[in-house]
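Here's a walk through a protein model, taken one neighbourhood at a time. Have the structure open and click along as you read.

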Amino acid sequence: MENKITVLGSGTCVSSLYKSFDFRNPSGHLIQFNGINILIDCAEGMRAQMDEIRFDYFDLKYIFITHFHPDHFNLDSLIQSIYVRARKSEIKKSLIVYGPKNIEEKFETSWNSKHAKGHYKDSLLKVLDLKFIEYEAEREIEISKALKSISYQVSHGEMDAYALRFLLGNKIVSYSGDSGVCEGIRKASLNSEIFLCEAAININDNENNTKAHLSYFLAGEIAKKSNVGKLV
């Protein structure tokens, strides 16, 4: 089975921020490694994007959410698809979602508001083996012997946000999420073979903006200082 990273969405919440209709979806990245399938961030439309590349979303095992802005944390439609398919096929599907503090409570509230009071515990969890696990700063998560993840808290305005570092065998792949210039983003990207990094602001934006996002110049500067092999 091929190991690869697929960019499902590399844009912001605004499709045409700098030019009309640049046709980039908001955040979503798929890592396939040794038969394990991981979705990093889940904006709207991720299930459709996986359908487009002929990847079966039902084969997802892990989802990592960097923060709660809706162009990164929009799980309801994807979970609904997995839930209905599991129910119809009578398969007890297992799915683990990692994210910031209170991620399960936030998802449960959203889910119940769109279904019925108590539906999350009374119906969804009876069909899906769904677990939510909160990040702890710089704690290593062992997914398999050859696949590990470490989360680093980063600056993103008032939002609780994380960058991610994946150890894939002897390779390192890092992902910024949405982050300003901070120590967390430097630690996450250090010596990465591949660094997936947002660059959503103009090169001349003021210091307040660079505490929440990066320009392509700042992304390149961080990658250079962190000895990154390839910046995406």
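Is Lys-131 buried, exposed or partly exposed? Lys-131 counts as partly exposed, because its relative accessibility is 41%. The cut-offs here are under 20% relative accessible area for buried and over 50% for exposed, with partly exposed in between (1.4 Å probe, protein chains only).

A word on ground rules before going further. This is a predicted model, so local features need pLDDT of at least 70 and side-chain atom pairs count only at pLDDT 80 or more, while totals for chains, interfaces and linings use all residues. Residues are numbered from 1 along each chain as its sequence is written, and side-chain values use heavy atoms, with hydrogens and water left out.

Back to Lys-131, which forms a salt bridge with Asp-129, the closest N and O atoms being 2.8 Å apart. Salt bridge here means a side-chain nitrogen of Lys or Arg within 4 Å of a carboxyl oxygen of Asp or Glu. Asp-129 counts as partly exposed at 28% relative accessibility. By that rule the count comes to 8 salt bridges.

Another of them pairs Arg-85 with Asp-56, again with 2.8 Å between the closest N and O atoms. This pair links distant parts of the chain, 29 residues apart: Arg-85 sits in helix α2 (residues 76-89), and Asp-56 in the loop between α1 (46-52) and β4 (62-64). Helices (H or I, at least four residues) and strands (E, at least two) are DSSP runs, numbered from the N terminus. Arg-85 is partly exposed at 31%, and Asp-56 is partly exposed at 29%.

Now look at α5, where Glu-183 and Arg-186 lie 3 residues apart, about one turn of the helix. Their side chains meet in a salt bridge (3.7 Å, N to O). An α-helix has 3.6 residues a turn, so residues three or four places apart point the same way.

Move on to the loop between α5 and β11, and you'll find Ser-192. Ser-192 counts as buried, because its relative accessibility is 1%. The side chain of Ser-192 makes a polar contact with the side chain of Ser-174 at 2.8 Å. For a polar contact, a pair of N or O atoms must be within 3.5 Å; within protein, one must be able to donate a hydrogen and the other to accept it, and residues adjacent in sequence count only if both atoms are side-chain atoms.

Why does Glu-198 count as buried? Because its relative accessible area is 13%. A polar atom of the Glu-198 side chain lies 3.2 Å from the backbone nitrogen of Leu-214, and the backbone nitrogen of Ser-179 lies 3.4 Å from a polar atom of that side chain. Residues that Glu-198 touches include His-213 and Ala-219, where contact means heavy atoms within 4.5 Å.

That brings us to α6 itself, with Leu-218, Ala-219, Ile-222 and Ala-223 as its buried residues. Seen down the axis of α6, they fall within an arc of 135°, so they line one face of the helix; the arc is that of the directions from the helix axis to the C-beta atoms. Their cover includes α5, β11 and β12. On the other side of α6, Tyr-216, Lys-224 and Lys-225 are exposed.
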